[in-house]
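Thank you for making time for this today.

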Amino acid sequence: MGKDYIEVNSFGKVFPKKGANARTPYEHQKNAMENLDIINKSNQYSTMIVLPTGGGKTYTASMWLLKNALNLKKKILWIAHRQMLLDQAAESFQKFAYSEVIPHIPFFQYRIVSGSSCHDRPIDIKATDNLLIVSKDSIGRNLNSLDSWLAGEKEIFLIIDEAHHSTAKTYRRVIEYVQSRVPNVKLIGLTATPFRTTNDEQGLLSKIYEDGLQDGKVVHGNIGITYQIGLKELINRHILSKPIFESYYTDEMYGEALGLDGWESIQRLDVLPEDVAGQMADSAARNKLIVSTYQSKQKEYGQTIVFAINVIHAIHLSALFNKAGIRSEFIVSDVRDSVTGVRTSREDNERKLEEYRLGKIQVLVNVNILTEGVDIPQTKTVFLARPTVSTILMTQMIGRALRGEAAGGTTAAYIVSFVDNWNEHIAWVNPDSLFGGNNEFTDNPIEHIKHELRMIAISKIEEFASVLDDSVDTASLEKLPFVQRIPIGMYVFAYLEENGIDYSYQVMVYDSTRKAYEDMMLALPGLFESFGCIDEYPAYELLEEMAAHCRDTFFLGEMIPPYEEKDIIRILKYYAQYETPPQFYSFDDIDRSRLDVSAIAKYIWDEDMGQRQKTEYVNSLWENSDDNLLKLFFGRKLYFWRQLDIELTKLSNPHIYDDEENVQCGRRNLEELSLFEIGKVNPELEKKLRNAAFEQSKDTDGNYTCACCGKKGTDRIFFQVDHIKPMNRGGKTITENLQILCRQCNGIKGDKID
């Protein structure tokens, strides 16, 4: 007789394993647990445990909670923002549930809750559950589903995974809800990067995590941290390898015709559309670069894991490695591939993994199935042959090579990225960016500068490539002194989408845009108040409207290099979640004069170098053995040469960009155009007219006044410029016909000029 049920992993009972756990905690993990023992003597607290990428946050927390919470029949609410993190936490509790850590209970009951079909729903939560592992959005939308589970409890352990995100509105709402219903909440945040945030956000973190340890004593105030260790310290202890980042540019262009569905697939699901994935997998030049890069440094790279785009790509690459005399295998899911017909069984994969462990295979190509849970510590290098928008997936991929000598791994680890050119500005994760903030792994100033230059270089690919493209008009950029095209700093931030994917961004700031960004950051609270925006995930249409208002208020006048609207929208998304501006990192450490191609061209010109002498000189600059700043900044020698040729042409022909006028066009007075249209042809006039409109509406107390309802305020963000006599009735765009209206009155009037 057949079963009338199915077995699921979303809930169940965990029974103690017999014997002792064979895994011995590292010293830093023992220290973290000992410090938790101290702070746990308090009836309630809110604190953080800070262990860098690869430091074992989940293992440390689950081991301690098994003994100090579940074993004592205390309930645990574990919150994370992605299905992958939820499954990882559940697996850790199950894997390390030995009788030595939970001797007082016969079993504990767990439940995983999220929006995924493979997990339970909030309505499934039972009062008898001991361990709830839930997604923050699922529980945030259904807080009352916790009521029966919390009822009568005097003490709860509340764990926030990736706690640097816990200043987001939903996390705060969940924390406050639990604290309002349970007398003693023991809140523990787990993170690798608590300080990759602004000072303001540190203030928000300190309001959530208030208790820490200093000299073995519990202290209250500032950001409460019970235990913290940096990446550099784990590298020094040989627990983690020192990451060495390398980037190679494929010269491949993708996403030129990427539609909305394709863009959504990448941004929201981290899945490449099939046609684009096929182009990348089939690119002979791209695949050749991947294999030849390994060949060129085979001894340094050693045993390497390659993360491929799809099954076809994995098969192609493995074949190319073998053809080049490099022993390679591919491992893929044991599901039959519909295109290739390839079916690789679990046994086949295990056989290949064992051969890799024994050193019989040098390169193991896979499709995202070696991101976690597989013990291959001898891996010295990872090749990132597929891009990702997920910082979690990127962390897991590079984590394959970060096992240090003390953990059976290697001293150094190579993280090798293959960078394509994407016209659609997809926010791919730069692996280098995961090691910023207070977890900087080197004190070497040159290494720090290289880290910053790698961040800049990836952002400049499209600009450099466009200069090579004759179909793109880059004259305005080329006219600019080259040093002004080098960023002076960047805003760095990450936020969560509703699907749980966390995105990290770097918004480059130039001399031309710095003041505008600074003013906008100060005005963000007023902007959100003005638009009545209180949602954690604002509608995209509203974000576009807010971005347009920022443009009209701050980004006026000619700006070269220009700002990007997409960057403004991303900053607005970040603020909507965290209610604080992102942090600005200055590139003050970079000597921009050493990257100034104009100065290099001037030296070549003054020395009257011939072609041979010029080539030798440029090659010597490019191959500088000390720091290779030019190579880091430009990525490709072709980009550098093209910029140098442009600067030399400007010296030999100063009027090269002066166009000869051979057409006499009809004329329309600028006053007949809208402010927005004026801004396209004369940005400075638009700026002057808008400023004049605001100035003439200012009263003696410095308040701007709405010409309709009389509302007053000193912040321009609440007001918009409007025509007194509408343009469709013959009104002109001149100072005398401009007035200030508050946003509400302007909306009612219906004569919004932009």
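Let me start at one pair of residues: Glu329 has Leu364, in strand β14, as its bridge partner. Strands here, like helices, are DSSP runs numbered from the N terminus, a strand being E over at least two residues and a helix being H or I over at least four. That bridge belongs to a set of four that join β13 to strand β14, residues 363-366, and the two strands run parallel. By the convention used here, two strands pair if DSSP finds at least two bridges between them.

Before going further, a word on what we are looking at. This is a predicted model, in which local features need pLDDT of at least 70 and side-chain atom pairs count only at pLDDT 80 or more, while totals for chains, interfaces and linings use all residues. Residues are numbered from 1 along each chain as its sequence is written, and side-chain values use heavy atoms, with hydrogens and water left out.

Back to the sheet, then. The strands β13 and β14 sit in an open sheet of six strands, in the order β11-β16-β15-β12-β14-β13, with parallel pairing. Its edge strands are β11, residues 242-254, and β13, residues 328-331, each of which pairs on one side only. Neighbouring strands of this sheet are turned by 20° against each other on average, with direction ignored; axes are lines fitted to C-alpha atoms, for helices over the stretch in contact, and angles run from 0 to 180 degrees between N-to-C directions. Helix α11, residues 284-296, lies across β11, β12, β14, β15 and β16, and runs at about 155° to β11. Contact, here and later, means heavy atoms within 4.5 Å.

A second sheet has another arrangement. It is an open sheet of three strands in the order β18-β17-β19, with antiparallel pairing. Strands β18, residues 502-509, and β19, residues 583-586, stand at the edges with a single partner strand each, so one side of each is left without a neighbour in the sheet. The twist in this sheet averages 25° from one strand to the next. Helix α20, residues 565-578, lies across β17 and β18, at about 55° to β17.

How many of the five residues of β5 are buried? In β5, residues 131-135, five of five are buried, where buried means under 20% relative accessible area, exposed means over 50%, and partly exposed is in between, with a 1.4 Å probe and protein chains only. Leu131, Ile133 and Ser135 point one way from β5, whereas Leu132 and Val134 point the other way. Five bridges join β3, residues 75-80, to β5 in parallel, with Leu77 bridged to Leu132, and four bridges join β4, residues 108-113, to β5, again in parallel, with Ile112 bridged to Ile133.

For those of you who think about cysteines, a search of the whole structure finds zero disulfides, a disulfide being a pair of cysteine sulfur atoms within 2.5 Å. The sulfur of Cys709 has its closest cysteine sulfur in Cys745, at 3.7 Å, which is too far for a bond. Cys709 counts as partly exposed at 46% relative accessibility, and Cys118 is also partly exposed, with a relative accessible area of 41%.

One loop residue deserves a mention as well. Ser697 lies in the loop between α26 and β20, and at 15% relative accessibility Ser697 counts as buried. Leaving aside neighbours within four places in sequence, Ser697 is in contact with Asn703, Tyr704, Thr705 and Ile740.

Finally, the chain as a whole. There are 27 helices and 23 strands in the chain. The radius of gyration is 29 Å, close to the 27 Å that the globule rule gives for 754 residues, so the chain is as compact as a globular protein of that length; the radius is taken over C-alpha atoms, and the rule is 2.2 Å times the number of residues to the power 0.38. Of the 754 residues, 55% count as buried.
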